[in-house]
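Here is a structure to read through questions and answers. Keep the sequence beside you while you read.

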Amino acid sequence: MDSKLFNIQKTLWDLNIPPNYLGAHYLAYAELLVLEDQNRLTMVTKWLYPEVAARYHTSWQAVERDIRTVISICWAQDSGARLNQITGCHVTEKPSPTRLIQLLARYLLAMPEEFWLDPYASPPE
């Protein structure tokens with residue numbers, strides 16, 4: 001497995017997004033694509049979701065729905081407290097899939113190079 005994808009998945013686990021949901025895998029891959037090209041955030045339903053859907057042989061609507069599901073799971077556990085702690089943002093309402101992808105991309109883009117080189121590195125506090 002790509003170490004970048006592994007570190008993205010670890011970040012999702014830190015948000016209490018369990019890996020046994022398809023939406024967790026879709027979200028991790030979407031983050032990887034956004035890290036490669038941030039312009040994908042400008043056309044999420046027309047560009048990003050279809051790319052994720054093609055990889056997993058599903059529809060872009062299923063990608064969006066399953067990401068919404070894992071957001072609901074994450075939000076139900078602590079109303080976004082962990083998301084606020086990790087991203088440094090003050091989110092008061094359950095984020096949309098696009099908003100969560102944006103928040104996590106901003107957080108992941110700020111990670112030092114060592115975080116991406118070592119798949120077992122912990123993010124800085």
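Predicted model: local features only at pLDDT ≥ 70, side-chain atom pairs only at ≥ 80, totals over all residues.

Q: What distance separates the end C-alpha atoms of helix α4?
A: Helix α4 covers residues 60-78, which is 19 residues. At 1.5 Å a residue, the helix should span 27 Å. The distance in the model agrees with this, because the end C-alpha atoms are 28 Å apart.

Q: Which elements are included in what covers the buried residues of α4?
A: The buried residues of α4 include Ala-62, Val-63, Ile-67, Val-70 and Cys-74. Glu-64 and Asp-66 are also among the buried residues of this helix. The cover over the buried residues includes α2 (22-36), α3 (44-56) and α6 (97-109).

Q: Which residue follows α4, and what is its phi?
A: The residue that comes after α4 has a positive phi. That residue is Ser-79, with phi near 55°.

Q: How many of the residues of α2 are buried?
A: Helix α2 has 15 residues and should span 21 Å, and its end C-alpha atoms are 21 Å apart, so the two values agree. A residue counts as buried when its relative accessible area is under 20%. Gly-23, Tyr-26 and Leu-35 are among the buried residues of α2. The helix is mostly covered, and the number of buried residues is 12 of 15.

Q: Which residues is Ile-17 in contact with, leaving aside its neighbours within four places in sequence?
A: Contact here requires heavy atoms within 4.5 Å. With the sequence neighbours left aside, the contacts of Ile-17 are Leu-12, Ala-24, Leu-27, Val-70 and Cys-74.

Q: Which element gives the most to the lining of the largest cavity?
A: A search of the whole structure finds 1 cavity of 30 Å³ or more, and the volume of the largest cavity is about 40 Å³. The lining is made up of Gln-9, Leu-12, Trp-13, Ile-17, Pro-19, Ala-24 and His-25. These residues divide into 5 nonpolar, 2 polar and no charged. The element that gives the most to the lining, with 3 residues, is α1.

Q: Is Tyr-107 buried or exposed?
A: Tyr-107 is found in helix α6. The relative accessible area of Tyr-107 is 12%, and the cut-off is under 20%, so Tyr-107 is buried.

Q: Is Asn-16 exposed or partly exposed?
A: Asn-16 lies in the loop between α1 and α2. Its phi is near 65°, which is a positive value in a residue other than glycine. At 32% relative accessibility, Asn-16 counts as partly exposed.

Q: What is the relative accessible area of His-57?
A: His-57 has its place in the loop between α3 and α4. Its phi is near 55°, a positive value in a residue other than glycine. His-57 is exposed, and its relative accessible area is 74%.

Technical notes
Residues numbered from 1 in each chain as written. Heavy atoms only, no water. Helix = DSSP H or I, 4+ residues; strand = E, 2+ residues; numbered from the N terminus. Expected span 1.5 Å × (residues − 1). Buried < 20%, exposed > 50% of the residue type's maximum accessible area, 1.4 Å probe, protein only. 1 Å grid on protein atoms, 1.4 Å probe; cavity = no way out; pocket = protein on both sides within 12 Å on 5 of 7 lines; lining within 4 Å. Points joined across faces, edges and corners; volume = space filled by probe spheres on them. Nonpolar A, V, L, I, M, F, W, Y, C, P; charged D, E, K, R; others polar.
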